Amino acid sequence: MKTTNDAIYIFLHIPKSAGTTFRHHIEHNFAPEEIVALYRADDARLRREDVFARLQSLPDEQRRRLRVIYGHEVYHGIHELFDRPCRYVTFLRDPIDKTISFYNYRMQQGIRKGTIDPAALPRFEDWLEASRGMHDGMLGDLVKYGFADGPDVSEPALRAVLQKFYFVGTTENFDEDAMFLYHELGIRRFFRDQNRSERFLTPAEVERVAPLIAEKTPLDRKLYDFAVAWNRDFRQRHAGFAAAVAKTKLKRALAMKVQRLLPG
């Protein structure tokens with residue numbers, strides 16, 4: 001499949017930030033030799049050196065055809081392994097929404113696996129306190145994978161982080177941000193949103209725990225707010241953004257209409 005350019009897109013999939021939907025579109029639009037997935041669920045040994053060794057060992061033909069590298073274990077520096085342009089992309093999410101979504105996901109998975117009694121769910125407060133990865137987890141991922149040097153959320157530091165990416169989308173603007181990237185990637189087959197979890201908190205409970213989440217994610221809040229402004233500026237600077245989104249939305253609408261008309 002051809003993209004609109006020769007760049008390799010490198011997608012850092014931050015959990016519970018609409019990445020599963022984006023991943024689904026990648027995997028159902030490109031041939032296996034055009035993509036490389038980097039997930040621990042597929043390969044438990046995915047330290048930085050393992051990722052780099054795996055990418056360096058790709059056959060020449062696959063390196064020539066490669067279009068997308070994606071996954072949770074995407075490290076900054078991957079671009080140095082290729083002699084073609086590379087574009088890092090990611091999606092960030094409001095930290096309160098992201099944390100609640102992760103709780104819903106964990107509860108749903110636990111119920112399915114039989115490790116959690118649906119009649120006696122862990123209190124959200126207890127779960128959050130024990131889930132250290134939820135405490136400023138987005139910035140933590142950016143540090144872990146080499147995009148950020150540490151927990152510095154000053155404007156210069158955040159600018160340096162986001163400058164490593166070609167595009168930073170947000171879950172809240174996913175319908176437009178994803179359309180832009182689908183246009184860049186030449187996506188032609190479209191699918192509904194993936195990996196939506198059942199909700200285990202009522203609106204009143206969400207309102208009650210929101211301040212607690214905010215206490216645990218102050219750095220993520222600054223990161224996210226900066227990214228929202230960064231995203232807005234990108235849209236304004238990129239002359240073709242609106243046209244690319246509109247064109248891809250039309251393609252999606254037509255494709256989904258055809259799918260509904262097809263038997264079975």
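Author: Two strands pair if DSSP finds at least two bridges between them. Strands (E, at least two residues) and helices (H or I, at least four) are DSSP runs, numbered from the N terminus. This is a predicted model, in which local features need pLDDT of at least 70, side-chain atom pairs count only at pLDDT 80 or more, and totals for chains, interfaces and linings use all residues. Residues are numbered from 1 along each chain as its sequence is written, and side-chain values use heavy atoms, with hydrogens and water left out.

Reader: How do you know that β2 and β3 pair?

Author: DSSP joins β2 to β3 by 3 bridges, and the definition asks for at least two. The two strands run parallel. I35 has V68 in β3 as its bridge partner.

Reader: What makes β2 and β5 edge strands?

Author: The open sheet has 5 strands in the order β2-β3-β1-β4-β5, with parallel pairing. Each of β2 (35–37) and β5 (167–170) pairs on one side only. From one strand to the next, the twist averages 15°.

Reader: Why is α7 called oblique to α10?

Author: The axes of α7 (residues 155–162) and α10 (residues 218–237) cross at roughly 60° and come within 11 Å. Axes are lines fitted to C-alpha atoms, for helices over the stretch in contact, and angles run from 0 to 180 degrees between N-to-C directions. Angles under 35 degrees count as roughly parallel, over 145 as roughly antiparallel, 65 to 115 as roughly perpendicular and the rest as oblique. The crossing at roughly 60° therefore makes α7 oblique to α10.

Reader: Which residues of α7 and α10 meet?

Author: From α7, E155, L158, R159 and L162 meet K222, L223, F226, A227 and W230 of α10. Contact means heavy atoms within 4.5 Å. By class, this contact has 6 nonpolar, no polar and 3 charged residues. Ala, Val, Leu, Ile, Met, Phe, Trp, Tyr, Cys and Pro count as nonpolar, Asp, Glu, Lys and Arg as charged, and the others, Gly among them, as polar.

Reader: What makes the protein as compact as a globular protein of its length?

Author: The radius of gyration, taken over C-alpha atoms, is set against the globule rule, 2.2 Å times the number of residues to the power 0.38. The protein has 11 helices and 5 strands. Its radius of gyration is 19 Å, close to the 18 Å that the rule gives for 264 residues, so the protein is as compact as a globular protein of that length.
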